Number of protein chains: 2
Amino acid sequence: MPERTSPKQLAKKDRDRLDALYEQLKKTTHRTIGYPCNQAWDYSELFRFLEFSINNVGDPFEGSNYRMNTHEFECEVLNKFAEYTKADPDDFWGYVTTGGTEGNMYGLYLARELYPQGVVYFSEDTHYSVTKILRLQHTRNIMLKSQDNGEMDYDDLRESIRFNRDSPPIIFANIGTTMKGAVDNIDKIREIMDEFVIREYYIHCDAALSGMILPFLNNPPPWTFADGADSIAISGHKMIGGPLPCGLALARKKYVDRVSRSVEYVGVLDTTITGSRSAFTPLMLWYALRTIGDEGLEKNARHSLALARYAVEQFQKRGVPAWRNVNSVTVVFPHPAKSVMEKWVVAPNRGIGHLIALPHMTEELIDSFIDDYCLARTEEPPEDRKMPSSKDPRRGETSNAGLI
Amino acid sequence: MPERTSPKQLAKKDRDRLDALYEQLKKTTHRTIGYPCNQAWDYSELFRFLEFSINNVGDPFEGSNYRMNTHEFECEVLNKFAEYTKADPDDFWGYVTTGGTEGNMYGLYLARELYPQGVVYFSEDTHYSVTKILRLQHTRNIMLKSQDNGEMDYDDLRESIRFNRDSPPIIFANIGTTMKGAVDNIDKIREIMDEFVIREYYIHCDAALSGMILPFLNNPPPWTFADGADSIAISGHKMIGGPLPCGLALARKKYVDRVSRSVEYVGVLDTTITGSRSAFTPLMLWYALRTIGDEGLEKNARHSLALARYAVEQFQKRGVPAWRNVNSVTVVFPHPAKSVMEKWVVAPNRGIGHLIALPHMTEELIDSFIDDYCLARTEEPPEDRKMPSSKDPRRGETSNAGLI
């Protein structure tokens, strides 16, 4: 019998490359301020589980023949998220996804299975991955205009619905847009449905980042199942944070069951999109929820919002027209100069840049970024610094009434 | 400013639960013989990279504004896989996926974008996730009969094509079916296309497990880009093995570019399906390829095939009609009794069970399983032990001509 091979040691040059990667990541991590990735976490206690070929294949609530799983922990995470999203415990289903895209894909898939003739409405400020999903899934869709603050233009929604009353509307609502942190108002959306006496419609909420901020505020905007959402996607690697992208797909169970029944006859046995799924990321989320706790999550949300408010104040003191949406940790400012882009990891788009205030950040970090930003602004030729206009009264540094 | 919270320690009862999970996984891992997960690996040297919010968002070859990535290592992995799959270096593209499902989804998406009126053909032995993908993507499809050994029934393919000559065929070829390890013959498939003078067709190969076995055999069946594949999916957590599901989506670059151009105008900027992607799994695959090396991978393939041959011999010596396909590490036997199913982690389906011989396994482990299997067979009432008939000459323990 041929012997099996055991993994050998890395060659020195390869180990050196890993060391260089490690150092580079260590250096870059503190300058990553433009992406919604909290860095205040430590999962080293869980590394031992990476000794096993673990896999959460299939539906977390149904169990699996593959016993090397963490389904039990995943279900606890899901039940906790059912609380955060005000789901009816008897009408709730979900699973831990590979990230925001899969959560949105799941919601849009469920919607299209329920309403095969449905039309998806989403604003131009929606993340580009949604267009990709809709193309992949072959679903009819209409992109709507946005207001200046990044929120959906409800007049455009109304006019678009008016001409498509024969097709059930599937609303893709941003609960915090990627660039400006704007929240689409579900109440207003539902009012428009009422206006046209539309009974068959579906609302999916993309709460990638804000889904772990809004549950801890006193007067959050409407975004939960109790407010009328039919499915919700939340990212795990954003506000909670972690080394592996992950997220949650959450939906009303009665819809999931209806779709399951209708696809069973064609042999679709699995209710999740990816099938083979990480057993480590559910454990990671479980660990985060257990160690941080609701009180800690609330503190993190308060800290981040206070820091965002501080950033806007400091920018404005130095004459930079920075602003943010209510309840948002995303601070928008004119496109930074080139040297700033080289030193800091930001994500500019269409004339603006943003920083995202998160639990691991401090006032000192914000100060340091604003110093560099302002210095480069006076010393370097202006880049594209066109700011969005300020027609909308909700734009700008407003009171932070939602958080007490 | 509200203080931020630091993760606290786990409560004792929670730590106890993790300890219990660890012990249970440790106990179960050695009895997991029915799933294609190699367990001979050790990635502990990479755990330090899990200190960072790393993310390989987007196209590995295009770079990213998010500098906390391992794209460079990912590209090296992809280039190595280009060799294994005999891709033209100038006509090759790919990325590290979240697992086999995403790789197949990518191939089928690419095919449908190239041939929007195309019809997907796949055998009844195809993994159930493919039906799910086709439903998600709204692609026309026809399920074909299989031969007894699990291979596609080419007569059925021929008849189905005959009645659909106006629609470009998209062939989903199994390079190793899930249950029986059968390989669909691309040469025969292409002959059928020639028969009907079909010029526009697409072949996707699902080489989940065998994609890391066949490159190391002397006379593998046709399955590579050189043999006519247009896209290939291979799993990372199977033959290579690892704690996190992952895989590779590989495709002809000219198709990827053609589809990219046509979707750019609708704002699809990202060529991958998931968008935010793990930066750890590409590093894991890189580490495996570097430490094992081509020689080691070949040894692993030989060891696994020899072990599969040994298992069939031992089963047959004890009167059990076990068999396997040529070049396959999957050993098929009648459905095991209940006690065997409780002790060992196997994956029975429609009257049969299988074990999958892998690098971490030994003859002793196989003996121990066969002992339990035979004992239960004599002591317990028969379960559903219907075996597939043996019409096909390729079924059964055949010579292992592909491997010297």
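## A tour of chains A and B

Start in chain A with A:Val120, whose bridge partner in β4(A) is A:Ile170. The model on screen is predicted.

**Stop 1: the sheet of chain A**

Select residues 119-123 and 169-174 of chain A. These are β2 and β4, and they pair in the parallel sense over 3 bridges.

How many strands does it have, and in what order? There are 7, running β1-β7-β6-β5-β4-β2-β3 in chain A. The sheet is open and the pairing is mixed. Go to its edges next. Residues 93-97 form β1 and residues 141-144 form β3 in chain A; each has a single partner strand, so one side of each is left without a neighbour in the sheet. From one strand to the next, the twist averages 15 degrees.

**Stop 2: the interface**

Show both chains. Select the residues of each that contact the other: 107 in chain A and 108 in chain B. About 9900 Å² is buried between the two chains. Carbon and sulfur atoms give 61% of that area.

Zoom in on A:Arg290 and B:Asp14. Their side chains meet in a salt bridge, at 3.5 Å from N to O. Across the interface of chain A and chain B, the rule finds 12 salt bridges. It also finds 32 residue pairs in polar contact across the interface, with both residues at pLDDT 80 or more.

Which helices of chain A supply at least two residues each to the side that touches chain B? Colour these: α1 (12-29), α2 (71-84), α3 (100-114), α4, α8 (253-264), α9 (280-317) and α10 (338-343). Then pick out α9(A), which gives the largest share of that side, 15 residues. Colour the side of chain A that touches chain B by residue class: 47 are nonpolar, 33 polar and 27 charged.

**Stop 3: a helix pair across the interface**

Keep α1(A) and select residues 71-84 of chain B, which form α2(B). The two axes come within 11 Å and cross at roughly 145 degrees. Show side chains here. On the α1(A) side, take A:Arg17, A:Leu18 and A:Leu21. They meet B:Glu72, B:Phe73 and B:Glu76 of α2(B). By class, this contact has 3 nonpolar, 3 charged and no polar residues.

**Stop 4: the sheet of chain B**

Move to chain B and select B:Phe122. Which residue is its bridge partner in β3(B)? It is B:Met143. Extend the view to β2 of chain B, residues 119-123, which pairs with β3(B) in the parallel sense over 4 bridges.

How values were computed
Residues are numbered from 1 along each chain as its sequence is written. Chains are lettered from A and ligands numbered from 1 in the order in which they are written. This is a predicted model: local features need pLDDT of at least 70, side-chain atom pairs count only at pLDDT 80 or more; totals for chains, interfaces and linings use all residues. Side-chain values use heavy atoms; hydrogens and water are left out. Two strands pair if DSSP finds at least two bridges between them. Axes are lines fitted to C-alpha atoms, for helices over the stretch in contact, and angles run from 0 to 180 degrees between N-to-C directions. Contact means heavy atoms within 4.5 Å. Buried area is the accessible area (1.4 Å probe) that two parts lose on being put together, summed over both. A salt bridge is a side-chain nitrogen of Lys or Arg within 4 Å of a carboxyl oxygen of Asp or Glu. A polar contact is a pair of N or O atoms within 3.5 Å; within protein, one must be able to donate a hydrogen and the other to accept it, and residues adjacent in sequence count only if both atoms are side-chain atoms. Ala, Val, Leu, Ile, Met, Phe, Trp, Tyr, Cys and Pro count as nonpolar, Asp, Glu, Lys and Arg as charged, and the others, Gly among them, as polar.
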